[in-house]
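Here is a friendly walk through a protein model, from its open spaces to its backbone and its rings. Please keep the viewer open as you read.

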Amino acid sequence: MNNKKGILIVVEGIDGAGKSTLAKGLANKLTTLGKDVILTFEPTAGQYGRRLRESFTSEKRLTLDEELELFMLDRKEHVESLLIPALSKGKVIICDRYYFSTMAYQGARGADPQDIQARNEAFYPVPDLLLIPVLPAREAVNRIRIIRKDRPNNFEQLAYLEKVSMIFDNITGDYVERLDARLGIEELLGEAVKVYEKRFCDCLKDTSNQ
Ligand code: TYD
C-alpha cells in the first residue's frame, strides 16, 4: 500500500453538515484545474451498499453486528475494485465517507472505534487528507428538517448524532483537517481548496525539483 502514486482525500462528517456538497464541489474544482479526479462514496451502489441504504429507512434497524459486517463487505469491494486500482494509476480520489464513518456511527451504537480503525487500517489505504466539516449535531438535524424538508432517518436522530459527532471530534492524525461547516458552501469550498494547495501542490513542486 506504500507504493501508491495517487492521492486519497476522504470527506467525513455528520449528516446535514454539507459533506456530500463539499465532496462534489471539490471534485469539480480539481477537475477544472486539470486533475484526474474520481468522486466516489460509501455506502457504495454495489450489492452490500444497496442493502445498507434500504435499511436506513426501514422500521427495524439492522443489529450492530449485521451493520458492521455489511459496511466491511461493502468497503472491501470498494477498495479492491476501485480505490487501489485508481490510486495505482495516479488518480486523485475524493471519497464521500470511509472507515471513519464506521468508527463514528457504529461506535455510537456501542462498537469500539479504535478497534474498528485498527481493523480497517490493517487492510485498507489510510487517506492522505481527511476533511471534516464540523457542525453541532442540533444544527445538523435542523438543516435536515428545514433545508431538506425531510424527517431524520434511523441514522439522523439528535441523541445518536451527538455521539457520532463526539467520535468524529476525537479523530486525530496528521491527515485530519477540520473546516467550519457554518461557512457558506462557496467559502467552505474555498477553504478546502486552500488546504489541498497547502498539502499537495507545494509538496508536488518540491519533489519535482529534486
Ligand atoms: P450518506 O451517503 O452520507 O447519506 P446520504 O444518502 O444522505 O448522502 O450515508 C448514509 C448513512 O450511512 C449515514 O447516515 C452514515 C451511515 N454510515 C455508517 O453508519 N457507517 C459507515 O461505515 C458508513 C460509510 C456510513
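How do the residues of the lining of the largest pocket divide into nonpolar, polar and charged?

## The largest pocket

The residues of that lining divide into 12 nonpolar, 9 polar and 11 charged. Here Ala, Val, Leu, Ile, Met, Phe, Trp, Tyr, Cys and Pro count as nonpolar, Asp, Glu, Lys and Arg as charged, and the others, Gly among them, as polar. This is a predicted model, in which local features need pLDDT of at least 70 and side-chain atom pairs need pLDDT 80 or more, while totals for chains, interfaces and linings use all residues. Residues are numbered from 1 along each chain as its sequence is written, and side-chain values use heavy atoms, without hydrogens or water.

The largest pocket holds about 690 Å³ of space. Of its 32 lining residues, Asp15, Lys19, Ser20, Arg97 and Arg148 lie nearest the centre. Among the elements that each supply at least two lining residues are helix 1 (19–32), helix 3 (64–88) and helix 6 (137–146). (Helices are DSSP runs of H or I, at least four residues, and strands are runs of E, at least two, numbered from the N terminus.) A pocket is an open set of points on a 1 Å grid over the protein atoms alone, with protein on both sides within 12 Å along at least five of seven lines; a cavity is a set where a 1.4 Å probe fits but cannot get out, and lining residues have an atom within 4 Å of a point. Points are joined across faces, edges and corners, and a volume is the space filled by probe spheres set on them.

## The cavity

Strand 4 (129–134) and helix 7 (158–169) each supply at least two residues of its lining, which includes Ile132, Val134 and Phe168.

## Two backbone spots

Most residues other than glycine have a negative phi, and most peptide bonds are trans. Arg97 has a positive phi of about 80° and lies in the loop between strand 3 (92–96) and helix 4 (99–106). Arg97 is buried, at 11% relative accessible area (buried is under 20%, exposed over 50%, partly exposed in between, with a 1.4 Å probe and protein chains only).

The bond from Glu42 to Pro43 is cis, with omega near -5°. Pro43 sits in the loop between strand 2 (37–41) and helix 2 (47–56).

## Aromatic rings

There are 7 aromatic pairs in the whole structure (rings of Phe, Tyr and Trp, its six-membered ring, with centres within 6.5 Å; planes under 30 degrees apart are stacked, over 60 edge-to-face, the rest tilted).
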